[in-house]
Amino acid sequence: MKPLAGITVIELARVLACPFAGMILAELGARVIKVEQPRTGDETRGYEPFVGQDELVRDELDEEALAAALGHERSAYFYAFNRSKESITVNLRSAEGQQVVRELVKDADVVLENFPVGTLKRYGLDWPSLKTLNERLIYVSCTGFGQTGPYARKKGYDTVFQAMSGIMSLTGEKDGGPVKPGIPVSDLSSGLWIALGIVSMLQGRERAGSGAYLDFSMLDGQISLLALAAARYFALDEVPERLGTEHPGRVPSASFRCADGGYVHITGADQHWRPLCQLLGLDHMAHDPRLQLNSGRVLHREEVMAALSEATARLTRDQLCSACDAAGVPAGPLQTLDEVVVDPHLNARGVFGAFEHPEGGRFPAIRLPFQFEGLERPDPGRPPLLGEHTDTVLSGLGYSAQRIDALRTAGAI
């Protein structure tokens, strides 16, 4: 059995943060019914990269023909955040479509939505409206800035939240400009927060006997990641500066360039200082009384980093990693993605899986990072085709084939 077996989630969400949360819940065993716009679906169905895109581009199709050939079912972006779900198409602007959602909600456990503030209220699909149909309903509204406050109706995307939260101000090389992280950290971390919030609310519901509402702001979620930077500010009134791969309060903790052009990231505590110096041939620094404690190494950061950088540059990446491992010094190679996917440890752990897609074929997937004992391990399921489960889901609500056809003709589904 999977941990969330028996839980039903209605996902009125699109793009990344909420779909990522929905996928986590789905692969932990929840039934996640993704409600999409008829004909177009979640807009990420049209986002690059596409399976088979290279072959079609080589055929020199024009933009319209290429879009038609790719359709709605080949976006690897969509695949990444919508595995293991069901898809139904519903026009939320139509009264009949709104009624379909209400019927779904009556027996659901969770509604997950990320519409702009006030949109679902106009459709009668907001929390106050739906909780009257299901007193045990868990309802999550995810927006950029929350339902209240002066920014509530402000528009934003992942990088806007990175900028406004201060995360981007911390990222980049010394004396350089701000740099965004290489992944959409605001979207992904928001998805994790949302999934945690839903699991917590489900547990709370069992004790309280009634549902609850979560107003989640993606900006709030990013602020919560600033705990360590904020601690320095609160304690020292210090606004952290960009330090590249270095740590503001620990030396050494940085990436060092090696003789072959590779990099190794080394992070050590006081007990690692002498072994590190010895493996690098820096015996004089190993016994320097100024440098035995981290506070002293932070004080003499430039001297320490210069010596370590010069010494590590004499070894290849593999030589330095092996030497650190042998000496018990925490270190790891900076790997590119093509190296990560063939990493023997990750493959031994079964980190990577795959699914079979009717149009995309066999496609690799990164598993959820849970290895349970006593519960079933989550496996990657395939993403749904657009509207693939509409008829099945509506039939389960008691809709006849004739009624479903009539709704489709009316443009409600």
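Predicted model: local features only at pLDDT ≥ 70, side-chain atom pairs only at ≥ 80, totals over all residues.
The largest pocket holds about 950 Å³ of space. Its lining comprises 33 residues, and those nearest the centre are Phe20, Ala80, Phe81, Arg83 and Ile366. Several secondary-structure elements each supply at least two residues to the lining of the largest pocket: helix 1 (17-27), helix 4 (76-81), helix 10 (185-208) and helix 18 (337-340), together with strand 10 (352-357) and strand 11 (361-366). By class, this lining consists of 30 nonpolar residues, one polar residue and two charged residues.

The second largest pocket contains about 630 Å³ of space. It is lined by 25 residues, with Arg14, Asn114, Gly144, Gly156 and Tyr157 closest to its centre. Two or more lining residues come from each of strand 5 (138-143) and helix 8 (158-165). The lining of the second largest pocket has 14 nonpolar, four polar and seven charged residues.

Attention now turns to charged pairs. Side chains of opposite charge can pair when their charged atoms come close. In the whole structure, 24 salt bridges are found. One of them joins the side chains of Glu206 and Arg136, with an N to O distance of 3.0 Å. Because Glu206 belongs to helix 10 and Arg136 to the loop between helix 7 (127-130) and strand 5, this pair ties together parts that are 70 residues apart in sequence.

Arg136 is partly exposed, at a relative accessible area of 31%. Arg205 has a relative accessibility of 5% and therefore counts as buried, the limit being under 20%.

A further salt bridge is formed by Glu246 and Arg301, whose closest N and O atoms lie 2.8 Å apart. This pair links distant parts of the chain, 55 residues apart: Glu246 is in the loop between helix 12 (227-236) and strand 7 (253-257), and Arg301 is in helix 16 (residues 301-312). Both Glu246 and Arg301 are buried.

Finally, salt bridges also occur as a network, which links Glu11, Lys34, Asp42 and Lys85.

Conventions: Residues numbered from 1 in each chain as written. Heavy atoms only, no water. 1 Å grid on protein atoms, 1.4 Å probe; cavity = no way out; pocket = protein on both sides within 12 Å on 5 of 7 lines; lining within 4 Å. Points joined across faces, edges and corners; volume = space filled by probe spheres on them. Helix = DSSP H or I, 4+ residues; strand = E, 2+ residues; numbered from the N terminus. Nonpolar A, V, L, I, M, F, W, Y, C, P; charged D, E, K, R; others polar. Salt bridge = Lys/Arg side-chain N within 4 Å of Asp/Glu carboxyl O. Buried < 20%, exposed > 50% of the residue type's maximum accessible area, 1.4 Å probe, protein only.
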